[in-house]
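Student: Hey, can we go through this structure together? I'd like to start with one residue and then look at the whole thing.

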Amino acid sequence: MLHSALINVMVKAARHAGRSLKRDLGEVEHLQVSLKGPANFVTMADKRAEELLYADLTKSRPGYGFIGEEGGTREGADKSHTWIVDPLDGTTNFLHGIPQFAISIGLQREGTIIAGVIYNPANDELYIAERGKGAFLNDQRLRVAGRRQLDECVIGCGLPHIGRGDLPQSRQEMTAIQEKVAGLRRFGAASLDMAFVAAGRLDGYWERNLQPWDMAAGQIMIREAGGVVSGMAGDDDCLKTGHLICGNEFVHKELVKILKPL
C-alpha cells in the first residue's frame with residue numbers, strides 16, 4: 001500500500017526505534033533475575049529510543065518542533081509543526097517483559113493533529129492515520145466497533161497506582177461503569193488502548209491524567225476510524241485537559257453521561 005511521504009517518514013522512524021526496543025526487551029527479560037532489577041536499564045532504553053526518533057524525524061523534517069516524554073520540548077524554526085512523541089508507552093509492561101507497549105508519534109500542525117503512527121515492535125503491529133485519509137493496521141482499513149448497547153461492550157480503562165492518580169475517584173468510576181458493560185480491560189499502554197478502539201477491539205476507553213504524547217497519535221487514529229474523542233465534558237480537548245473518553249458515537253455519549261458527573 002502506498003503512503004504519503006509524511007507517513008513514510010514516521011513509519012521509518014518508528015521501525016528504527018522499534019528494533020532497538022525489541023532488542024532491549026530481550027535484555028529486560030534476562031535482567032528480571034537480577035537483584036538490582038531492570039529499572040535503570042529500561043530508563044536508558046526509553047531515552048535511547050527517543051533520541052533515535054528525534055534524530056530520524058528532524059533529519060527528514062528539519063525545523064519541526066519536538067515534544068518527547070523524556071527530553072521535553074525542543075523548539076524548532078518551523079513554529080507551525082510539532083512532533084509529539086512517546087518513545088515507550090507502557091514502560092511498566094516493558095519493565096516486566098509484557099509485550100504490550102508502543103512507540104507513539106503524532107504530528108501537530110497549527111494546533112491540530114494531522115498524522116499519527118503507533119507501533120508495537122513486540123508483535124509488529126503498525127497503526128497509521130492521516131487526516132482525511134483513514135486509519136489502518138498493517139494496511140487493513142480500520143473502523144470503530146458498531147455496538148450500540150453498553151451491556152454488549154468491552155471498555156478499556158486506566159487504573160491509578162501508588163503515587164499517581166485519584167484512587168477513590170477511579171474506584172467510583174469503575175463501579176459506575178462495571179454494572180453497565182460486558183467487560184472492563186486495563187492493558188497499560190494508553191496509545192495502544194486508543195488504537196484498539198480504532199480497530200474495534202475495544203468499544204470504548206477512558207482514562208484520566210494522561211499526557212499529550214499518550215494521546216496525540218491515538219486521537220487521530222480513532223477519528224479517522226469513525227470514532228469520537230474528547231475530554232470528560234464530552235466536547236473538550238483531551239490534549240489540553242489530560243482526561244480522555246473515546247469510542248463510537250453512541251459509546252462515547254454514554255460514557256460521558258456516566259463519567260462527567262463523577
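Predicted model: local features only at pLDDT ≥ 70, side-chain atom pairs only at ≥ 80, totals over all residues.

Student: Where does D124 sit?

Tutor: You'll find D124 in the loop between β5 and β6. Its phi is positive, near 60 degrees, even though D124 is a residue other than glycine.

Student: And N209, what is its phi like?

Tutor: N209 has a positive phi too, about 60 degrees, and N209 is not a glycine. Its place is in the loop between β11 (204-207) and α6.

Student: How exposed is N209?

Tutor: N209 has 39% relative accessibility, so it counts as partly exposed.

Student: OK, zooming out. How many helices and strands are there?

Tutor: The chain has eight helices and 13 strands. Its radius of gyration is 18 Å, close to the 18 Å that the globule rule gives for 262 residues, so the chain is as compact as a globular protein of that length.

Student: What size of box do the C-alpha atoms fill?

Tutor: Roughly 50 × 45 × 30 Å, taken along the principal axes.

Student: How much of the chain is buried?

Tutor: Of the 262 residues, 53% count as buried. As for contacts with a separation of 6 or more, 62% are between residues 24 or more positions apart.

Student: Which residues touch the most other members in the largest nonpolar core?

Tutor: That core has 34 residues, and the ones touching the most other members are I118, Y127, Y205, I222 and L244. Several elements each supply at least two residues of this core, including β5 (112-120), α5 (190-198) and α6 (212-224). Another core lies apart from it, with 33 residues, among them V9, A17, L25 and L107.

Student: You mentioned α5. How many of its residues are buried?

Tutor: Nine of the nine, so α5 is largely enclosed by the rest of the structure. L192, D193 and F196 are among those buried residues.

Student: What follows α5?

Tutor: G200 does, and its phi is positive, near 80 degrees.

Student: What is N120 in contact with?

Tutor: Leaving aside neighbours within four places in sequence, N120 is in contact with P99, Q100, F101, A102, E125 and L192. L192 is one of the buried residues of α5.

Student: Now a charged one. Where is D24, and what does it touch?

Tutor: D24 lies in helix α1 (residues 5-31). At 7% relative accessibility, D24 counts as buried. Not counting residues up to four places away in sequence, D24 touches F41, A45, R48 and F94.

Student: How many charged side chains does the chain have, positive and negative?

Tutor: There are 31 positive and 33 negative ones, and the centres of the two sets lie 3 Å apart.

Student: Last one: what about Y64?

Tutor: Y64 lies in strand β1 (residues 64-68), and at 14% relative accessibility Y64 counts as buried. Not counting residues up to four places away in sequence, Y64 touches G76, D78, H81, W83 and L107. L107 belongs to the core of 33 residues.

Student: How far apart are Y64 and G183?

Tutor: They are 119 residues apart in sequence and 42 Å apart in space, C-alpha to C-alpha.

Terms used: Residues numbered from 1 in each chain as written. Heavy atoms only, no water. Helix = DSSP H or I, 4+ residues; strand = E, 2+ residues; numbered from the N terminus. Rg over C-alpha atoms; globule rule 2.2 N^0.38 Å. Buried < 20%, exposed > 50% of the residue type's maximum accessible area, 1.4 Å probe, protein only. Contact = heavy atoms within 4.5 Å. Lys, Arg positive; Asp, Glu negative; His and termini not counted. Charge placed at Lys NZ, Arg CZ, Asp CG, Glu CD. Core = buried A, V, L, I, M, F, W, Y, C linked by side-chain atoms within 4.5 Å.
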